[in-house]
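Reader: I am new to protein structures and would like to learn how to read one. Could we go through it together?

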Amino acid sequence: MIRQHCWLLKRVRQAAALHCETRSYSTARSCSASPTHTSLQTFLTHAQSTNLAPTSTVYIGTYYEYLCLSTLRRLSFTLIRTGGRSDHGIDLLGHWTVPSLPFPLRVLVQCKALKAKTSPETIRELEGIFAGAPVGWRGENVIGVLCAKREATRGVREAVRRSAAPVIWIMVEDLGRGSGKVRQMLWNQRVSQLGAEGVGIGVKYLPGAEGKEVETEVGLTWKGKAWGPHGDMLWDEG
């Protein structure tokens with residue numbers, strides 16, 4: 001009973017702080033990375049009008065950041081792009097809504113648009129972005145998220161598990177033409193302790209030719225049922 005009371009008290013305090021976080025989020029939105037583009041579509045228009053080469057590092061990095069921003073909406077992330085020269089390694093920031101909590105969790109996101117598989121070193125780099133977090137995203141109850149184009153290696157999975165910080169790994173595949181797909185998602189115990197306890201990961205399937213199931217992408221589950229960004233229970237966990 002005492003442990004339950006302490007847990008509830010902690011959640012109430014976090015909820016009370018949400019108002020301040022929301023105001024900070026509004027401030028962050030007004031200071032977004034670029035006034036010339038705020039979405040993938042507006043960035044593509046800007047890139048075309050300025051003759052920005054699709055092979056340049058700026059184009060590749062910015063494109064992938066916006067791709068992750070739009071794709072992660074299906075996992076209940078609400079994000080804005082902050083990437084720039086003084087971003088302290090933070091490409092996106094915002095909130096992650098989970099069905100186990102009455103308020104969203106704060107997240108800082110790094111996007112790695114690398115063709116090669118990432119190394120465990122990227123998790124250590126992710127741990128370093130907390131120090132440069134803006135007001136409203138500082139403190140212990142903030143999650144670091146790393147998005148990459150390739151699946152997590154064994155070394156990366158171990159680095160996520162061992163990290164003292166709350167860390168999430170998400171593989172966001174670029175399907176081309178502004179379309180992305182979540183192929184892999186994993187997190188450590190610290191994330192569960194912040195409120196993701198009971199949240200699971202499943203694979204969504206659609207019927208294909210001759211009645212065979214065709215894999216689509218990874219999604220969130222809650223108590224064995226798929227959970228959508230608007231709280232909808234969508235499909236059974238596979």
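This is a predicted model: local features need pLDDT of at least 70, side-chain atom pairs count only at pLDDT 80 or more; totals for chains, interfaces and linings use all residues.

Reader: Where is aspartate 91 found?

Author: Residues are numbered from 1 along each chain as its sequence is written, and side-chain values use heavy atoms, leaving out hydrogens and water. Helices (H or I, at least four residues) and strands (E, at least two) are DSSP runs, numbered from the N terminus. Aspartate 91 sits in the loop between β1 (77-81) and β2 (92-96).

Reader: How many bridges pair β1 with β2, and in which sense?

Author: Strands pair if DSSP finds at least two bridges between them. Here β1 and β2 are antiparallel, over 5 bridges, with threonine 78 opposite histidine 95 in β2.

Reader: What is a salt bridge, and which residue forms one with arginine 81?

Author: Side chains of opposite charge can pair when their charged atoms come close. A salt bridge is a side-chain nitrogen of Lys or Arg within 4 Å of a carboxyl oxygen of Asp or Glu. Arginine 81 forms one with glutamate 65, their closest N and O atoms being 2.6 Å apart. Arginine 81 is in strand β1 and glutamate 65 in helix α3 (residues 57-71), so the pair ties together parts 16 residues apart in sequence.

Reader: Is arginine 81 buried or exposed?

Author: Buried means under 20% relative accessible area, exposed over 50%, and partly exposed in between (1.4 Å probe, protein chains only). At 10% relative accessibility, arginine 81 counts as buried; glutamate 65, at 9%, is buried too.
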